[in-house]
Structures are given as structure tokens and as C-alpha cells.
Amino acid sequence: MSGDFTPEQKRYLEGFVSGIQARGGNGFLGSDNTPLAVPEPTPTGPDAPHFLAQDEAIKAGKKLVDQEKWKREEHPFDAYHKLRGQAARHEYPKAADNFRWRFYGLFYVAPAQNSYMCRLRIPNGILSHWQFTGVAGLAEKFGGGYAHVTTRANLQFREVAAKDAIDVVEAVQDLGLTSRGAGADNIRNVTGDATAGIDPGALIDTRPHARDWHFRILNQRTLYGLPRKFNVAFDGGGAIPTLEDTNDIGFQAVEVEDGASVAPGVWFKLVVGGITGHRDLARETGAVVKPGETAEVAEAIVRVYIAEGDRTNRTKARLKYVLDRYAAEASGLNGFLAKVEQQLGRPIARVDAKHIRPRPAQDRQAHIGAHPQEQPGLFYLGVVLPVGKMSCAQMRALAAIARDLGDGDIRLTVWQNLLISGISEVRLERAKAAVEKAGLEWRASSIRAGLIACTGSRGCRFSAADTKTHAEEIADWCEARIKLDQPVNIHLTGCHHSCAQHYIGDIGLVAARVSVNEEGETVDGYHIVAGGGFGAAGAIGREILRDVKAEDAPTRVEGLLKAYLSHRTGAAESFQDFSARHEVAVLKSFAEGQDP
């Protein structure tokens with residue numbers, strides 16, 4: 001906090017402390033020569049809400065987790081000089097600084113790789129062709145020559161040496177992008193409709209709302225250093241799902257009809273507390289927000305979370321657990337909303353569900369292939385990326401297609417792929433051919449179109465398995481043996497953090513170390529869940545198998561898919577509905593190739 005004092009105040013305090021020390025360190029003495037208690041100064045400045053919350057936990061007799069201590073001892077944004085020094089010495093960080101540098105989007109990922117991973121922030125997942133080319137250049141110059149599209153419609157690249165840490169952070173900013181707040185206890189990349197502004201069936205363009213929230217975060221230090229990470233998403237009713245119900249805050253565009261307590265038209269419905277790794281989708285609040293007020297409401301929610309989130313237990317620190325505490329009280333979720341309204345300074349409108357029209361239908365394969373835009377004669381082309389990975393040469397080729405044949409934009413999706421928009425009908429076949437020439441595809445089977453995998457053990461120390469490799473093996477095996485006529489999502493995630501959100505996949509696999517002998521040796525493996533979903537079909541998958549070796553995972557998935565085709569009620573029945581009709585024991589038998 002010393003940075004908040006003037007030089008004169010600093011000199012006064014130094015003299016004050018010196019006087020206390022000269023008296024033996026006892027501070028002020030009472031008439032009986034016993035020390036008087038000197039009250040702690042009240043924290044001030046942008047970090048004050050966090051310090052006050054920490055102080056409340058300490059007063060309650062609780063112990064702060066290390067991450068909270070590290071933030072208080074030296075805020076990451078006050079330590080840029082230290083990061084610069086480490087880069088100059090080609091030195092990787094110890095635990096505390098490894099946590100701090102994630103505030104700059106740098107993740108030291110040893111032992112998976114003795115290097116940094118750099119993750120960006122791209123509001124609504126949309127960037128220009130020249131920015132995309134620029135990121136390719138950074139990944140080639142400073143990284144391993146490739147990049148990934150993440151499940152938050154974002155970019156990250158790996159194998160950044162310690163000496164290049166500062167150069168990477170600053171070079172990202174030179175591109176008009178940023179990596180600030182992309183990791184640790186911060187509000188992560190703001191997602192929105194991948195087809196924002198071009199989808200003929202959408203209710204609203206999410207770009208300005210995602211941008212508003214993005215810049216509000218960037219320019220308020222108080223909105224960093226939360227009790228835990230925080231996700232916000234805007235779904236405008238477009239064809240491609242945004243998965244807003246898996247976020248801490250989800251804004252869902254809806255049409256309110258006449259007769260409601262608010263004016264008819266398009267509003268954002270507010271849902272809160274999604275965290276599928278902890279088996280929770282976002283909860284309905286009954287509240288609706290004017291499109292121009294979403295950032296204010298989001299900030300009010302975050303500020304309540306800053307005050308009330310758990311800073312003593314990392315596993316219970318997300319917003320879900322604040323909501324759980326309210327749910328256990330008489331006030332329930334309305335009690336939480338009352339706190340938000342108090343922070344906001346005004347009430348938030350409520351609308352009875354009967355006055356809200358059904359939301360536009362979504363298409364689980366709209367992120368792949370050619371689709372007409374709202375603008376007559378224009379199309380967007382969804383490009384398949386093998387579990388999100390692309391080489392720098394492929395990135396340059398895609399950027400050239402966007403520049404020469406499209407409108408110049410690259411649109412990332414939460415499905416680990418990208419769209420090239422604004423392609424005229426006469427140029428569409430040229431664009432498809434150019435994608436193929438780059439070694440990529442614009443077509444995908446129902447298996448590969450919904451294939452999602454986190455970084456895995458090759459790049460993340462938390463992961464128990466090589467998820468990206470195993471995802472490709474599952475797809476290769478099943479595609480050669482099964483022809484699906486319905487979309488099926490298969491999600492592989494490497495640990496309990498659930499970055500690939502295995503619980504909402506039709507089939508989800510979460511990595512585990514599987515014992516293979518009495519000596520305790522282990523191999524990559526998975527626990528398998530089935531029947532998850534999102535949006536209108538939102539559900540958490542049920543576990544059907546444990547400790548499946550990775551080499552056996554393709555046949556287990558094959559067994560489920562074959563049973564689905566053989567036992568569904570008809571061609572229109574989804575895999576999720578098929579799963580819901582069967583007990584766990586039956587699904588287990590299907591996966592193991594048996595037919596009970």
C-alpha cells in the first residue's frame with residue numbers, strides 16, 4: 001500500500017515507526033505503563049475490498065490460502081520489474097511468482113514443459129486477420145511454432161522461454177491484444193456468440209456487450225485478484241452454442257412479450273453459478289437485464305463475490321459456493337440478488353417465465369462448414385481444427401483466406417475451432433479449397449465435430465493423461481466403424497478442473513492414473529460419464545466406468561455409440577435421451593461391448 005502515500009506522508013510514518021522502535025517496540029503506553037492497542041489502519045485503494053475480505057477471514061480464526069498471502073505480500077501488477085529481472089536472468093519462477101505471472105497471461109507449466117504458455121484475451125473471440133497473423137509470428141518466434149484455440153474462444157501458445165517472457169507480453173500488446181488477467185484469480189476471457197452480427201436467427205449482437213465488459217475489467221484493478229477464477233458469457237440467441245450456462249455469470253438474450261413487468265423486447269436473462277467441473281450448471285434467477293446495463297450488473301455481482309468468496313479453501317472458492325450458502329439460508333438466491341442490488345444501487349427487474357418466448361433453436365454443428373449469414377449473398381465457413389491445434393503456417397493461410405476471400409475477421413468458438421466470415425457465394429468454393437490446401441478441413445463427421453480436449457499432460461502439470469492424443473485416437477477408431485446421423489459430443493479433460501467440461505458431453509472422459517500392477521505402476525486412463533448436455537438440454541453426465549486404460553477408451557466409446565444406434569427409439573432420439581432411458585449398469589455393459 002506504500003504507493004498510496006505522498007513522500008511527506010512516508011517521511012512522517014518512518015519517523016513515527018522509528019519513535020516506537022526507540023521505546024522498545026512497545027508502541028503507546030498507558031498510565032500503568034502497559035502497551036495500548038493501536039488499531040490497524042483501514043485498507044484504502046483499489047485492493048482494499050480484497051484486503052478487507054481477507055481480514056474478515058482472519059478475524060474469524062481462519063487461515064488464508066497461500067495464493068491470498070502472495071497477492072497481499074506483492075500484488076502481481078506491482079511486480080512487473082521482478083518479471084523483467086527474471087527474464088533478463090533467463091530464470092523461471094518459484095511457486096509464488098508462478099502464480100503472480102498468470103496475471104500477465106504467462107503460465108509456467110513445468111514439469112509438463114520447462115517453459116511458459118501464453119494465453120490471450122480476445123473479447124467475443126473475434127480478431128482481425130492481421131492480428132491472427134501476428135499471433136502466428138509470436139508463436140513461431142518465441143514459442144513452439146503452433147497455437148491452440150481454447151474452450152473460451154481464445155488463443156494460447158506454448159514453449160516460451162523464460163528470457164522471452166517480457167518480450168511476449170509486450171509484443172501481444174503491440175498487436176492491439178492483451179494477455180492481462182488471462183489466468184489465476186481473475187475474470188477470464190469474455191465469450192459471446194461466434195456469429196455475432198452475422199447470424200440471421202440471433203436476437204442480439206453480443207459484440208458490444210462483451211467489449212464493454214472486457215474493457216471494464218481491464219481498467220479496474222479491483223476486478224483482479226478475486227477469491228478464484230471467474231467466467232462470464234453472453235449468448236445472443238445465435239445458432240452456435242456459447243455454453244453460457246457453464247459460466248459464473250451467463251447473459252442469455254430473450255424476447256420479453258407484452259404483459260410483463262418490463263417493456264417488451266430483447267433483454268438478457270441472468271443465470272449464475274455455473275461450474276460444471278463441480279457438477280453445477282448456472283441457476284435461474286428470474287432476473288432480466290437491459291442490454292446496455294449488463295456490465296454494471298456483472299460488476300455488482302463480482303464485487304459481492306469479492307466480499308463473500310472463500311479465501312481459505314481453494315476448492316470451495318468459486319461463486320457456486322457463495323450461492324450454496326445463500327441457498328441454505330431462508331433468503332435463498334433472492335438474498336444474494338438483494339446484496340447485488342444493494343451494490344448496484346437499484347433493483348434488478350424480474351420477469352415471470354410465462355412472458356418470455358422460447359429461445360431460438362441452436363444447431364450443434366453450425367460451427368462446422370458453410371452457412372448463410374444475415375447479410376444477403378454472404379457465408380461464413382467453419383474450419384475444423386484437430387482438437388484446437390494449428391501450426392503457424394496454417395494460421396497464416398487462414399488469415400490470408402479471411403483477408404482475400406472474406407471480411408477480414410477470424411471468429412474463434414468455444415468448440416475449439418474458428419469461422420471465417422463474410423465470404424461471398426462466388427468465392428465460397430475457393431475458400432473451401434484454400435482451407436484444404438492448408439491441411440485442414442471444413443467438413444467433419446458427427447464424432448469429430450463435437451470432439452473437445454483440454455491441453456493434456458503434454459502441456460499441463462495437472463493433467464493425468466495425454467488428452468489431445470487420446471481424443472484423436474478415439475475419433476479415428478470410431479469414425480472407421482460407426483456412421484452417426486446425429487451430433488454426439490465427446491469431451492476429454494485431464495483433471496478435476498474440467499477445462500474441457502466433460503460433465504456436459506454426451507460422452508465425457510476425465511483423466512485418471514490407472515494401476516497396472518501391484519508395484520503401483522500406472523498408465524494414462526479415464527473415468528467415463530454419459531448423458532451430459534447444455535442449453536435447453538442442460539444436464540450433468542452420470543459416471544458409468546472408472547479406471548479405463550487410455551488404450552481401451554476408443555472401444556468403450558465405440559460400445560456406447562453402437563448401442564445408441566441399435567437401441568434408440570428412432571432416428572430423432574438424441575444420445576442424451578438414449579442415455580437417460582437406461583440405468584448406469586446397462587450403459588456400463590454397453591460400453592464394455594455387452595448387450596444386457
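This is a predicted model: local features need pLDDT of at least 70, side-chain atom pairs count only at pLDDT 80 or more; totals for chains, interfaces and linings use all residues.
Side chains of opposite charge can pair when their charged atoms come close. In the structure considered here, 48 salt bridges are found.

One of these joins the side chains of arginine 72 and aspartate 55, with a distance of 2.9 Å from N to O. The pair links distant parts of the chain, since arginine 72 belongs to helix 3 (residues 66–73) whereas aspartate 55 belongs to helix 2 (residues 48–59), and the two are 17 residues apart. Arginine 72 has a relative accessibility of 32% and therefore counts as partly exposed.

A further salt bridge is formed between the side chains of glutamate 170 and arginine 84, at 2.8 Å from N to O. Here too distant parts of the chain are linked, with glutamate 170 in helix 7 (residues 165–174) and arginine 84 in helix 4 (residues 80–88), 86 residues apart. Glutamate 170 counts as partly exposed because its relative accessibility is 30%, and arginine 84, with a relative accessible area of 41%, is also partly exposed.

Within helix 15 (residues 553–567) lie both lysine 562 and glutamate 558, which are separated by four residues, or about one turn of the helix. The side chains of lysine 562 and glutamate 558 meet in a salt bridge of 2.8 Å from N to O. Lysine 562 counts as partly exposed at 39% relative accessibility, whereas glutamate 558, at 11%, counts as buried, because the term applies to values under 20%.

Salt bridges also link Glu68, Lys71, Asp185, Arg311 and Arg314 in a network.

Terms used:
Residues are numbered from 1 along each chain as its sequence is written. Side-chain values use heavy atoms; hydrogens and water are left out. A salt bridge is a side-chain nitrogen of Lys or Arg within 4 Å of a carboxyl oxygen of Asp or Glu. Buried means under 20% relative accessible area, exposed over 50%, partly exposed in between (1.4 Å probe, protein chains only).
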